[in-house]
Amino acid sequence: MMQRVEGSEFAVQEEISRLTGSVGGSGGALGILLLAALALAAVLAPWLPLANPFHIDLYARFTPPFHAGHLLGTDALGRDILSRLLLGARFSLFVALASALLGLAIGGIVGSSAGYAGGLWERLVMRLVDIFQSIPVMMLAILVIAVLGASQMHLILVLALTSWVRFARISRAETLKMRRQTFILAARAIGASRMRVLFYHLLPALWPSMLTLAALEASRLLLMEASLSFLGLGAQPPAPAWGRMLADGRNYLTVAWWVAVMPGVAILLTVLAVTLLGNALRRLFEEQP
Amino acid sequence: MQRIASRIFDALFSVWALLTLVFFVTRMLGDPTVLLLPLGASPEEAEALRIHLGLNHSLGLQYWNLLRTAVHGDFGQSFLFARPALQVVLERLPATLELAALALALGTVLGVSTGFLLALHPRGWLHRVLSGVVLVGQATPVFWLSLVLILVASVWLHLLPSSGIGGWKHVLLPALSLGCFFTAQIARISESRVREELVRQHVRMGWAKGLPAHVVYLRYVLWNAAAPIVTMIGLLAGEMAGGSVIVETIFAWPGVGRVIYQAIENQDYPVVSAGIVVVSVLVIAINLCADLVCLWLDPRTRRTA
């Protein structure tokens, strides 16, 4: 038993450091700024003075960036790319955030209860976690979405399904470290039930590591959502999705590179911002004793 | 020995769980006969096809059939090609292996050496530039990288072909796209591992004994840092499998990933199951190998719990 505990603590450091590394420098502020700007623009998109994202104007097709009032140019149907990107951002950001939080909720509860209760439940959970780790999750996601059909709800559920594993592993390992600590023992000593200890004492103490992991997971889920929508398994047309816009644009690479490149830049910047935020969170919580 | 056996057992268990998962997911689909028959086909014809394909049995029986036949490597006939599904998938496997092996090899060498450089130069312009590259490499979506590479190398510079299979020129762009994320991740873990090793006592002793730099770096630092990196390579192989579907679709690379994508579009269950099972078994096998290599690299993990 002892050895397993050591192994999992090692695994926590491993997991966190492998997700963030010590690369990245001090980009936290930059990340927050980027993300805040994007989120604000996405939320306010309907009220901003932008072209109608669904307005088709065949005379204006393939307008290059910075021409005729189209900041980022237009696509094959003459629709404004900037306003479509912002509309797509609403979808992508919401899906990534919702699935990361859902993954956190499931993984956090399952993992910490496994770590706290031990026994059969713990062994069952860890076996499930092992299985999920050895199965290529992207394959699973492609399969499930192809079968169930692409809707926002399905995307969130599938992405959460691929992400609860990491939350479960880390929350279990953290719980194992924590359950011998004085505040938990004290809570038990004054007669708190196991459930109460789990929900009122253990879970709140897990917040720092869970939040950090959630930011890092969100960036992974954003990429996955983009990949799925690239394959036509994301938001359905005419609703814009970044991955889909990029996929459509690749047919016009030779005549209008911006149609494919702009959504790509949007994805890259967003993922970068979320990653930087995650790194900053990690550093913030690590400095606290 | 006991450890090795238990790892192998775990791997087999994963394969079983995978088959079960794939089965329940694919059977949630609609009726594939609707898509396979021409418009206006009679209900009797549809029923005949369902019986022919074994879709008329109960779910439990269908599941049992899948398990029983999968052990024999039989996933049924492809609805679309009217050939054994496994055959359709396996004949595409060499192309996928070629691509993945190159991406893995390229990514491991590049990633480990980048990580080493980052750890050896913890500050200065080299560190800044390299860590910036690594960060961007982590955030770059594989499909976008593919497109940019095509745009730059094929459309603008006319250096490399944009699609298909052929000589080394064809494999270069897809391998780069597929290996990018992998390389960045390997670089990160290598950096943190090597940095931890550099300050340890045995490394200082190596320097104190006056050993040449390459002996200290390779034998003392890299050897001890290797086990987690190998584990990581195994874990990332799964991510790479997902990426291969996209890369192969974009570059028209005739591999398993592309066949899976096409099969999903055509609701060709047997090929979907066979493809996903083959790729996943491959990934599970790679993970098993990584585990075994770790047992060999790090004697501490050999003790049985």
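Chain B of this predicted model contains 13 helices and 0 strands. The C-alpha atoms of chain B fill a box of roughly 85 × 55 × 30 Å along the principal axes. Of the 305 residues in chain B, 41% are buried. Among the contacts in chain B with a separation of 6 or more, 72% are between residues 24 or more positions apart.

Chain A can be described in the same terms. Chain A has 10 helices and 0 strands, and its elements run α-α-α-α-α-α-α-α-α-α from the N terminus on. Buried residues account for 49% of the 289 residues in chain A. For contacts in chain A between residues at least 6 apart in sequence, 73% join residues at least 24 apart.

The next topic is the division of chain B into domains. Domain 1 of chain B covers residues 2-70, and domain 2 of chain B covers residues 86-303. The C-alpha centres of these two domains of chain B are 32 Å apart. Where they meet, 14 residues of domain 1 of chain B are in contact with 14 residues of domain 2 of chain B. On the side of domain 1 of chain B that touches domain 2 of chain B, helix 1 (2-26) and helix 2 (32-36) of chain B each supply at least two residues. Helix 1 of chain B provides the largest share of that side, with 11 residues. By class, the residues of this side of domain 1 of chain B are 10 nonpolar, 2 polar and 2 charged.

Within chain B, two helix pairs show how helices pack against one another. Consider helix 10 (residues 201-208) and helix 11 (residues 213-250) of chain B, which pack at an angle of about 160° with their axes 10 Å apart. Helix 10 of chain B is therefore roughly antiparallel to helix 11 of chain B, because an angle over 145 degrees counts as roughly antiparallel. The crossing of helix 10 of chain B with helix 11 of chain B is right-handed. Which residues of the two helices meet? From helix 10 of chain B come His202(B), Val203(B), Gly206(B) and Trp207(B), and from helix 11 of chain B come Val216(B), Tyr220(B) and Val221(B). The residues of this contact between helix 10 and helix 11 of chain B comprise 5 nonpolar, 2 polar and no charged.

Helix 11 of chain B also packs against helix 6 (residues 93-120) of chain B, at an angle of about 135° and with the axes 11 Å apart. This angle makes helix 6 of chain B oblique to helix 11 of chain B. The two helices, helix 6 and helix 11 of chain B, cross in a right-handed manner. In this pair, Thr96(B), Leu99(B), Ala100(B), Ala103(B), Thr108(B) and Val112(B) of helix 6 of chain B meet Ile229(B), Ile233(B), Met240(B) and Ser244(B) of helix 11 of chain B. The contact of helix 6 with helix 11 of chain B has 7 nonpolar, 3 polar and no charged residues.

Two individual residues of chain B may now be examined. Ala252(B) lies in the loop between helix 11 and helix 12 of chain B. Most residues other than glycine have a negative phi. Ala252(B), although not a glycine, has a positive phi of about 50°. Is Ala252(B) buried or partly exposed? Ala252(B) counts as partly exposed because it has 13 C-beta neighbours inside 10 Å, whereas a buried residue needs 20 or more. The other residue, Leu172(B), belongs to helix 9 (residues 168-198) of chain B. With 17 C-beta neighbours inside 10 Å, Leu172(B) likewise counts as partly exposed. Leu172(B) and Val133(B) are 39 residues apart along the chain, and their C-alpha atoms are separated by 20 Å.

Finally, the two chains meet each other. The contact takes 46 residues from chain B and 41 residues from chain A. On the side of chain B that touches chain A, the elements that each supply at least two residues include helix 1, helix 7 (125-139), helix 8 (142-156), helix 12 (256-265) and helix 13 (269-297) of chain B. The largest share of this side of chain B, 8 residues, comes from helix 11 of chain B. The side of chain B that touches chain A divides into 32 nonpolar, 10 polar and 4 charged residues.

Notes. Residues numbered from 1 in each chain as written. Chains lettered and ligands numbered in written order. Predicted model: local features only at pLDDT ≥ 70, side-chain atom pairs only at ≥ 80, totals over all residues. Domains from an automatic or database assignment. Contact = placed C-beta atoms within 7 Å. Helix = DSSP H or I, 4+ residues; strand = E, 2+ residues; numbered from the N terminus. Nonpolar A, V, L, I, M, F, W, Y, C, P; charged D, E, K, R; others polar. Buried ≥ 20, exposed ≤ 12 C-beta atoms within 10 Å, placed from the backbone. Axes fitted to C-alpha atoms, helices over the stretch in contact; angles between N-to-C directions. Parallel < 35°, antiparallel > 145°, perpendicular 65-115°, else oblique. Left-handed = near helix turned anticlockwise from the far one by under 90°.
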